[in-house]
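These are my notebook entries on a single chain.

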Amino acid sequence: MMQLLCASSVLLLVLVCGSTSAFYSPSDAVVELTPSNFDREVVQDDAIWVVEFYAPWCGHCQTLVPEYKKLAKALKGVIKVGSVNADEHNELSGKYGVRGFPTIKIFGANKRTPTDYSGQRTANAIAEAALAEAKKKVQAAFGGGSGGSSGGGSSSNSRGDVIELTEDNFDKLVLNSDDIWLVEFFAPWCGHCKNLEPEWAKAAKELKGKVKLGALDATAHQTKAAEYNVRGYPTIKFFPAGSKRSSDAQEYDGGRTASDIISWASDKHVENVPAPELVEITDDSSFDSACEGKPLCVVSVLPHILDCNAKCRNKFLDTLRTLGDKFKQKQWGWAWSEGGQQPALEESLEVGGFGYPAMAVVNFKKMKFSVLKGSFSKDGINEFLRDISYGRGHTAPVRGAKKPTITSVDAWDGKDGQLPTEEDIDLSDIDLDDDVKDEL
């Protein structure tokens with residue numbers, strides 16, 4: 001009797017142990033995947049993969065076995081088929097967001113964001129889904145379609161202007177650049193990340209040329225995610241302009257719609273845009289550097305240095321620089337000259353005749369301008385420029401409909417003006433009677 005109980009116990013132990021073994025053998029064409037070979041076999045391989053995450057005790061998983069074996073044999077040489085014992089390798093199932101068994105994922109062109117298969121659990125249905133993924137990859141290679149997965153996440157193919165970041169390229173692209181960056185740390189299985197994906201792509205397209213948007217798979221690049229203390233998904237970090245360190249990263253605290261992201265990033269862009277240079281017009285080159293290629297050019301004509309000393313002039317220049325910084329996001333040009341030094345410019349813009357200081361805003365592309373009629377003060381100019389930015393105000397055509405002739409003059413030396421002495425006056429250049437010259 002005792003021998004019978006022992007034999008029964010051994011048989012029971014064998015059955016229990018057998019129930020926890022892998023469902024598939026090498027002869028089934030199903031590759032057994034583990035944490036030690038998953039990246040090498042699946043992620044780094046160019047082939048399309050169908051991967052089942054199962055638990056040995058799961059009845060539905062057991063039911064799927066014959067169909068899954070049939071699938072592997074049918075796709076052999078075309079698409080690879082693998083399986084993960086999620087009971088033994090829960091770190092893999094956790095990484096890919098497996099919540100129940102069996103879970104089937106198709107690893108297509110973008111291995112970081114596999115597609116969740118949710119169709120019928122037959123060999124034929126699964127094969128059709130896998131072949132459809134292969135077709136997407138072929139179309140993408142010919143430029144005829146997206147090579148990205150439809151399963152969400154931050155695929156660089158499906159997200160257009162979003163830059164895919166990795167541990168290998170992160171520092172080079174983000175930290176060692178002068179650009180402003182917003183970086184999303186995501187997980188492929190994260191539902192909130194999938195919801196953010198189209199908004200992030202839309203924002204990246206709108207912000208192109210101003211702020212760069214990147215995305216890093218935190219599950220595939222855990223060291224980099226840990227460096228930035230990423231605790232949940234998605235986590236968004238802001239990196240300011242200029243060369244930076246990881247400690248310069250700031251938390252993004254805006255909304256998650258495209259308009260929210262664009263508004264938040266645009267404000268940061270404005271903060272990082274340098275104030276425009278206020279250029280003194282001394283020749284053609286200086287005038288062109290200030291105004292050429294700019295949507296508008298703000299031209300000021302200040303009083304002669306004998307009528308307004310250095311302190312007076314610097315006060316005007318400080319006002320112009322302050323307003324240049326305030327309106328810097330407009331990317332206008334800012335220039336000034338001394339009254340009477342650029343007569344053709346003053347005539348073409350109809351300024352100077354009613355006194356100095358004076359200001360005109362010019363659109364040299366359309367050859368139209370608008371003149372400041374109010375006070376040449378911070379408040380007066382601010383109101384004038386605000387109306388201009390909203391498309392309000394009277395405009396007139398530039399006289400001659402062309403760029404005015406610019407006279408070459410000496411730049412202001414920053415000092416007060418000096419009246420000329422007798423030694424500075426050359427009587428030969430003055431048209432006087434000889435008797436008067438002799439008397440002088």
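**Burial and surface.** I looked up burial first: buried residues make up 44% of the 440 residues in the chain. I took buried as under 20% relative accessible area, exposed as over 50%, and partly exposed as in between, with a 1.4 Å probe and protein chains only. The chain exposes about 23,700 Å², of which carbon and sulfur atoms supply 50%. Accessible areas come from the Shrake-Rupley method with a 1.4 Å probe, and for residues only the protein chains shown count as cover.

**Provenance.** I note that this is a predicted model, in which local features need pLDDT of at least 70 and side-chain atom pairs count only at pLDDT 80 or more, while totals for chains, interfaces and linings use all residues. Residues are numbered from 1 along each chain as its sequence is written, and side-chain values use heavy atoms, with hydrogens and water left out.

**Confidence.** I then read pLDDT, the predictor's confidence in each residue, from 0 to 100. The chain averages 85, and 85% of the residues score at least 70. Over residues 1-20 the pLDDT is below 50, and this stretch has four contacts in the model beyond near neighbours in sequence. Here a contact means heavy atoms within 4.5 Å. Residues 144-158 also stay under 50 in pLDDT, and for them the model has 46 contacts beyond four places in sequence.

**Fold content.** I recorded 14 helices and 16 strands in the chain. Both are DSSP runs numbered from the N terminus: helices are H or I with at least four residues, strands are E with at least two. Of the contacts with a separation of 6 or more, 74% are between residues 24 or more positions apart.

C291 is joined to C297 with an S to S distance of 1.9 Å. This link is left-handed, with -45° about the S-S bond. C291 counts as buried at 4% relative accessibility, and C297 counts as buried at 0%.

C308 is joined to C312 at 1.7 Å, S to S. The torsion about the S-S bond of C308 and C312 is about -100°, so this disulfide is left-handed. C308 is buried at 3% relative accessibility, whereas C312 is partly exposed at 26%.

**Further cysteines.** I also checked C61, which is buried with a relative accessible area of 0%. C190 is buried, at 4%.

Terms used:
A disulfide is a pair of cysteine sulfur atoms within 2.5 Å.
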